[in-house]
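Thanks for coming. Please have the picture open as I talk.

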Amino acid sequence: MGVNVDRVISRTFFIGSALAGAAGVMAGAYYGTIDFLMGFVIGLKAFTAAVIGGIGNLYGAMLGGILLGLLESFGTNFLGGEWRDVFSFACLILFLSFRPTGILGARVERM
């Protein structure tokens with residue numbers, strides 16, 4: 001079709017890296033400090049949302065993010081804010097135990 005795939009891939013990585021850098025600058029300005037690990041927990045929760053929804057499924061990742069946010073909101077309302085991360089990762093462990101492909105992930109037939 002005339003589309004240079006290598007050029008599209010390189011531009012996609014460039015744009016993604018530039019947006020991540022801009023987000024880092026904005027987060028540093030918001031919090032008033034810059035730290036090497038300042039996005040680590042956010043990245044883990046994004047991974048958790050993707051696993052809950054189903055790896056490789058965009059709609060599943062969005063659904064997983066919404067479910068994770070609701071779970072954290074309601075859980076911290078009942079038990080307190082210090083338990084927020086516990087809810088997230090306990091949910092990840094439960095989903096990996098009982099439904100490892102996620103909510104909208106493809107079913108894997110076992111032999």
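I start with Thr101, which lies in the segment after α4. Before going on, note that this is a predicted model. Is Thr101 buried, exposed or partly exposed? Its relative accessibility is 25%. Buried would need a value under 20%, and exposed a value over 50%, so Thr101 counts as partly exposed. How far is Thr101 from Met1? In sequence they are 100 residues apart, and in space their C-alpha atoms are separated by 34 Å.

Now the whole chain. The protein has four helices and zero strands, so the order of elements from the N terminus reads simply α-α-α-α. As for its overall form, the radius of gyration is 18 Å, while the globule rule gives 13 Å for 111 residues. The value for this protein is well over that, so the protein is more spread out than a compact globule. Along the principal axes, the C-alpha atoms fill a box of roughly 55 × 50 × 20 Å. Of the 111 residues, 19% count as buried. Among contacts with a separation of 6 or more, 52% are between residues 24 or more positions apart.

Next, how the helices meet. I take helix α2, residues 40-53, as the reference.

Helix α3 covers residues 58-79, and α2 packs against it at an angle of about 115°. The two axes are 7 Å apart, and the crossing is right-handed. On the α2 side, the residues that take part are Lys45, Thr48, Ala49, Ala50, Ile52 and Gly53. They meet Gly60, Ala61, Gly64, Gly65, Leu68 and Glu72 in α3. By type, the residues of this contact are five nonpolar, five polar and two charged.

Helix α4 covers residues 84-98. Here the angle with α2 is about 35° and the axes are 10 Å apart. This crossing is left-handed. From α2 come Val41, Leu44, Lys45, Thr48, Val51 and Ile52. From α4 come Arg84, Asp85, Ser88, Phe89, Cys91, Leu92, Phe95 and Leu96. These residues divide into nine nonpolar, two polar and three charged.

Is Lys45 buried or exposed? Its relative accessibility is 14%; the limit for buried is under 20%, so Lys45 counts as buried. What does the side chain of Lys45 make a polar contact with? The partner is the side chain of Asp85, at 2.7 Å. Setting aside neighbours within four places in sequence, Lys45 is in contact with Leu68, Glu72, Arg84, Asp85, Ser88 and Phe89.

One residue on that list deserves a slide of its own. Ser88 is found in helix α4. At 0% relative accessibility, Ser88 counts as buried. Again leaving out neighbours within four places, which residues is Ser88 in contact with? They are Lys45, Thr48, Leu68 and Glu72.

Definitions and conventions. Residues are numbered from 1 along each chain as its sequence is written. This is a predicted model: local features need pLDDT of at least 70, side-chain atom pairs count only at pLDDT 80 or more; totals for chains, interfaces and linings use all residues. Side-chain values use heavy atoms; hydrogens and water are left out. Helices (H or I, at least four residues) and strands (E, at least two) are DSSP runs, numbered from the N terminus. Buried means under 20% relative accessible area, exposed over 50%, partly exposed in between (1.4 Å probe, protein chains only). A polar contact is a pair of N or O atoms within 3.5 Å; within protein, one must be able to donate a hydrogen and the other to accept it, and residues adjacent in sequence count only if both atoms are side-chain atoms. Contact means heavy atoms within 4.5 Å. Axes are lines fitted to C-alpha atoms, for helices over the stretch in contact, and angles run from 0 to 180 degrees between N-to-C directions. A crossing is left-handed if the near helix is turned anticlockwise from the far one by less than a right angle, and right-handed if clockwise. Ala, Val, Leu, Ile, Met, Phe, Trp, Tyr, Cys and Pro count as nonpolar, Asp, Glu, Lys and Arg as charged, and the others, Gly among them, as polar. The radius of gyration is taken over C-alpha atoms; the globule rule is 2.2 Å times the number of residues to the power 0.38.
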